[in-house]
Amino acid sequence: MLRRISLLLLVALIGAACSSDAADTVVAEATDATESTETTEATEATDEVSDDTEETDSSDETVDDSSGDTTESATTESFTIEVWADNWMAVYVDGELVGEDSVSITTERSFNSEVFTFEAAYPFTLAIEAKDYKETDSGLEYIGESNQQMGDGGIIAQVSDSSGAIVSVTNGDWQSLVVHRAPLNTDCESDADPDANCEYEISETPGDWTSIDFDDSGWTNATEWSAADVDPKLGYDEISWDGSAELIWGTDLEVDNTVLLRTTVAN
Ligand SMILES: [Ca+2]
Ligand SMILES: [Ca+2]
Ligand SMILES: [Ca+2]
């Protein structure tokens with residue numbers, strides 16, 4: 001009994017001794033990855049109990065070593081995202097840009113797919129900025145030419161782990177926010193002066209919308225669209241799409257020109 005009480009006391013003392021380190025870790029890493037921090041703390045606690053003969057002398061070193069090792073090697077994996085967009089995309093993971101469309105958004109008919117690899121630990125946040133090509137804020141393309149029109153958009157993506165297993169696909173579970181809509185008065189499509197007569201709505205892009213902590217609960221579910229709706233071209237056929245991957249966009253393929261998309265990937 002005495003021995004058990006002593007052990008409990010020792011654990012409590014060590015817990016108190018390392019609590020300030022844990023607090024520092026939280027502050028320092030809060031902006032990077034909340035989940036990694038939690039994992040690190042859990043591992044530290046385990047180390048402390050097993051190192052009970054060394055007491056507080058070595059606790060600082062133990063904490064520092066374990067936080068470096070466990071977050072890098074034990075929980076981080078390699079993933080690949082395949083993505084096709086009409087017309088442009090940038091992909092972020094936990095707030096970090098992992099790749100963007102290699103063809104400029106200012107290029108007409110820029111239909112191409114991209115493959116990006118990244119390192120992440122579950123759960124991670126995927127955020128994609130997707131843009132339909134528009135010549136001006138009127139929302140139109142080929143302005144002044146015989147085929148002046150509202151362009152349409154669409155995007156599809158799938159994420160696989162290092163074994164090749166699909167771990168995430170685009171679908172209606174993704175959250176979406178449309179930040180550029182034009183033209184609101186669609187009858188301006190054939191207007192001789194669309195920049196003067198097409199109306200548009202541009203919303204502010206939240207500064208931290210790609211971060212893992214961003215609250216997207218006020219956003220709306222992405223809309224799933226069929227291949228017949230989007231008519232995906234070129235790079236789309238270079239990728240073997242999982243049957244569960246859906247083309248998504250806002251609620252209007254033509255008027256919604258810039259769409260922010262987010263999801264969380266858990267294992
Ligand atoms: Ca493109
Ligand atoms: Ca458009
Ligand atoms: Ca387009």
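**Entry 1: around L260**

I looked up the contacts of L260 and found E129, S176, L177, V179, T205 and W209, leaving out residues up to four places away in sequence. I count two residues as in contact if their C-beta atoms, placed from the backbone, lie within 7 Å. The model is predicted: local features need pLDDT of at least 70, side-chain atom pairs count only at pLDDT 80 or more, and totals for chains, interfaces and linings use all residues. Residues are numbered from 1 along each chain as its sequence is written, while chains are lettered from A and ligands numbered from 1 in the order in which they are written.

Is L260 buried or exposed? I note it as buried, because 22 other C-beta atoms lie within 10 Å. The cut-offs are 20 or more other C-beta atoms within 10 Å for buried, 12 or fewer for exposed, and partly exposed in between, with C-beta atoms placed from the backbone. I also checked M89: L260 and M89 are 171 residues apart in sequence, yet 9.7 Å apart in space, C-alpha to C-alpha.

**Entry 2: strand β15**

L260 sits in β15, residues 256-265. Strands are DSSP runs of E, at least two residues long; helices are runs of H or I, at least four; both are numbered from the N terminus. I find β15 mostly covered, with 8 of its 10 residues buried.

Which strands pair with β15? β5 does, antiparallel, over 8 bridges. β10 (residues 175-181) also runs antiparallel to β15, joined by 6 bridges. Pairing takes at least two DSSP bridges between two strands. V259 is the bridge partner of A130, and V259 is also the bridge partner of V178.

**Entry 3: the cores**

I looked for nonpolar cores, meaning sets of buried Ala, Val, Leu, Ile, Met, Phe, Trp, Tyr and Cys residues joined through C-beta atoms within 7 Å. The largest has 38 residues, and V83, M89, I128, I155, I248 and L261 have the most contacts inside it. Strands supplying at least two residues each include β1 (76-86), β5 (124-131) and β15. Another core of 6 residues lies apart from it, with L140, A182, C198 and V255 among them. I248 touches I155 and L261, among others.

**Entry 4: a hairpin and the whole chain**

β2 and β3 (residues 96-100) pair antiparallel over 4 bridges. They form a hairpin with 2 residues between them, and D94 in the turn has a positive phi of about 50°. A90 stands opposite E100.

Last, the totals: I log 5 helices and 15 strands. Of the 267 residues, 34% count as buried.
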